[in-house]
Amino acid sequence: MCGDATNWDEDAYRESILKEREIQTLTVFRTAWAPSSDVSLNTVVVASSDGSIASYSISSCISNLPLGFSNAKAQQIEPTAFLQGHDGPAYDLKFYGNGEDALLLSCGDDGRIRGWRWKEFSQLEAPISLKVFSGNHIQPVVDLVNPQHKGPWGALSPIPENNAIAVDTQGGCIFSAAGDSCAYCWDVETSKIRMVFKGHFDYLHCIVPRNSTNQIITGSEDGTARIWDCKSGKCIQVIGSAKDKKLKRSLCVSCIALDSSESWLACSNGQSLSVWNLPASECVSRSSCPASIQDVIFDDNQILAVGAEPLLSRFDINGTILSQIPCAPQSAFSVSIHPSGVTAVGGYGGLVDIISQFGSHYCTFRCKCV
């Protein structure tokens with residue numbers, strides 16, 4: 001056996017192996033397109049399993065593609081801005097407001113909702129290895145933490161995680177879906193809880209606002225989606241899910257989406273996608289998929305869905321599959337759509353796929369790991 005081991009650095013080798021493993025298992029849980037005054041492709045922001053919040057320039061990514069580049073191999077590109085947003089995974093991202101005055105909000109496993117001024121965030125130098133709380137890096141202008149519950153002898157429960165957030169800019173509030181089976185309404189100005197929505201029997205996966213009727217809709221591990229009145233905090237409708245015939249129990253509601261008219265609700269239960277007409281309180285279609293659905297979004301009168309397979313599926317209201325486009329992540333957790341019709345799909349491996357409205361791939365890149 002050849003080689004000189006006298007200068008072997010065991011610690012450096014171990015660190016390189018762990019870093020490589022970390023990069024391979026990095027998961028993008030949410031993608032969001034940055035607000036812009038035009039419809040040109042600009043910036044996509046991602047929330048990842050290492051707690052980081054980062055933005056990436058799509059035009060820069062496309063311009064860096066070598067001739068003959070195949071999207072089968074993703075390039076790792078540097079983010080345009082980067083910070084450590086959470087201790088533990090960051091699960092969701094939303095923009096509160098439009099333009100440079102918008103707030104970039106995120107939530108995560110640490111039970112916090114944090115918000116930064118988008119203008120300040122976009123001017124950060126990347127990458128930043130230190131956490132947002134140290135040095136001269138930007139401080140969050142919103143920092144909310146879920147309440148803890150008191151048990152016997154004054155014992156405090158763990159802080160429940162936040163799995164999803166939604167915003168109502170007209171009402172000045174942020175809604176969160178938490179791990180203690182409750183949804184919360186936070187006042188942006190006072191940073192205090194306005195309302196607690198109690199009624200689910202297990203932790204919440206997802207939440208969407210129905211602003212036209214002053215309602216929110218939540219989806220839970222208990223197998224139901226619930227519609228809540230934001231004035232009274234009461235549940236006004238329970239939407240049941242599909243049942244697993246083998247396990248004889250309801251499947252969790254992992255993701256929900258409303259169309260622009262707020263009349264149609266897409267609801268995923270494991271490998272089933274149901275579409276509901278809310279004014280009629282009627283399920284109009286239910287489709288079966290080969291893999292679990294992990295995110296859905298409306299594109300006009302059609303539905304885009306991704307899940308535990310490398311496909312971006314498009315359905316019509318009647319549940320018919322119109323197209324299926326291969327995407328880079330073997331398991332995808334997020335699909336977001338740009339006003340131009342371009343979609344961003346993020347998931348396992350830290351991969352983000354940018355797909356045109358016609359199904360072609362603009363670019364695929366791998367996010368930077370902390």
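## Cysteines without disulfides

The structure holds zero disulfides, a disulfide being a pair of cysteine sulfur atoms within 2.5 Å. Cys185 is in no disulfide, and the nearest cysteine sulfur, that of Cys173, is 3.9 Å away. The sulfur of Cys61 has its closest cysteine sulfur in Cys363, at 3.4 Å, which is too far for a bond. A disulfide is a covalent bond between the sulfur atoms of two cysteines.

Cys61 counts as buried because its relative accessibility is 1%. Cys185 also counts as buried, at 7% relative accessibility. Buried means under 20% relative accessible area, exposed over 50%, and partly exposed in between, with a 1.4 Å probe and protein chains only.

## Basis of the model

This is a predicted model, in which local features need pLDDT of at least 70, side-chain atom pairs count only at pLDDT 80 or more, and totals for chains, interfaces and linings use all residues. Residues are numbered from 1 along each chain as its sequence is written, and side-chain values use heavy atoms, with hydrogens and water left out.

## A four-stranded open sheet

Four strands form an open sheet in the order β10-β11-β12-β13, with antiparallel pairing. Strands (E, at least two residues) and helices (H or I, at least four) are DSSP runs, numbered from the N terminus. Two strands pair if DSSP finds at least two bridges between them. The edge strands are β10 (162-168) and β13 (193-198), and each pairs on one side only. From one strand to the next, the twist averages 20°. Axes here are lines fitted to C-alpha atoms, for helices over the stretch in contact, and angles run from 0 to 180 degrees between N-to-C directions.

Strand β11 (residues 173-178) is joined to β12 by five bridges, and the two run antiparallel. Phe175 stands opposite Cys185 in β12. The two strands form a hairpin with three residues between them, and Ser181 in the turn has a positive phi of about 75°.

Cys185 stands opposite Met195 in β13. Cys182 stands opposite Lys198 in β13. The hairpin of β12 and β13 has five residues between the strands, and Ser191 takes a positive phi near 60° there.

β12 is mostly covered: six of its six residues are buried. Cys182, Tyr184 and Trp186 point one way from the strand. Ala183, Cys185 and Asp187 point the other way.

## Positive phi in two loops

Most residues other than glycine have a negative phi, and most peptide bonds are trans. Glu262 has a positive phi of about 60° although it is not a glycine. Glu262 sits in the loop between β20 (253-258) and β21 (264-269). Its relative accessibility is 14%, so Glu262 counts as buried.

Asp300 is a residue other than glycine with a positive phi, near 60°. Asp300 lies in the loop between β24 (293-299) and β25. At 67% relative accessibility, Asp300 counts as exposed.

## The cavity

A search of the whole structure finds one cavity of 30 Å³ or more. The grid has a 1 Å spacing over the protein atoms alone; a cavity is a set of points where a 1.4 Å probe fits but cannot get out, and a pocket is an open set with protein on both sides within 12 Å along at least five of seven lines. Lining residues have an atom within 4 Å of a point. Grid points are joined across faces, edges and corners, and a volume is the space filled by probe spheres set on the points.

The largest cavity holds about 90 Å³ of space. Its lining has 14 residues, of which Cys289, Ile293, Ala305, Glu309 and Ser313 lie nearest the centre. β25 (302-307), β26 (309-316) and β27 (321-326) each supply at least two lining residues. The largest share, four residues, comes from β26. By class, the lining has nine nonpolar, four polar and one charged residues. Ala, Val, Leu, Ile, Met, Phe, Trp, Tyr, Cys and Pro count as nonpolar, Asp, Glu, Lys and Arg as charged, and the others, Gly among them, as polar.

## The second largest pocket

The second largest pocket has a volume of about 190 Å³. Its lining residues include Ala34, Pro35, Asn42, Thr43, Ser55, Thr80, Gly99 and Glu100. Trp118, Lys119 and Ser122 also line this pocket. Helix α3 (residues 118-122) gives the most to the lining, with three residues. The class count is three nonpolar, six polar and two charged residues.
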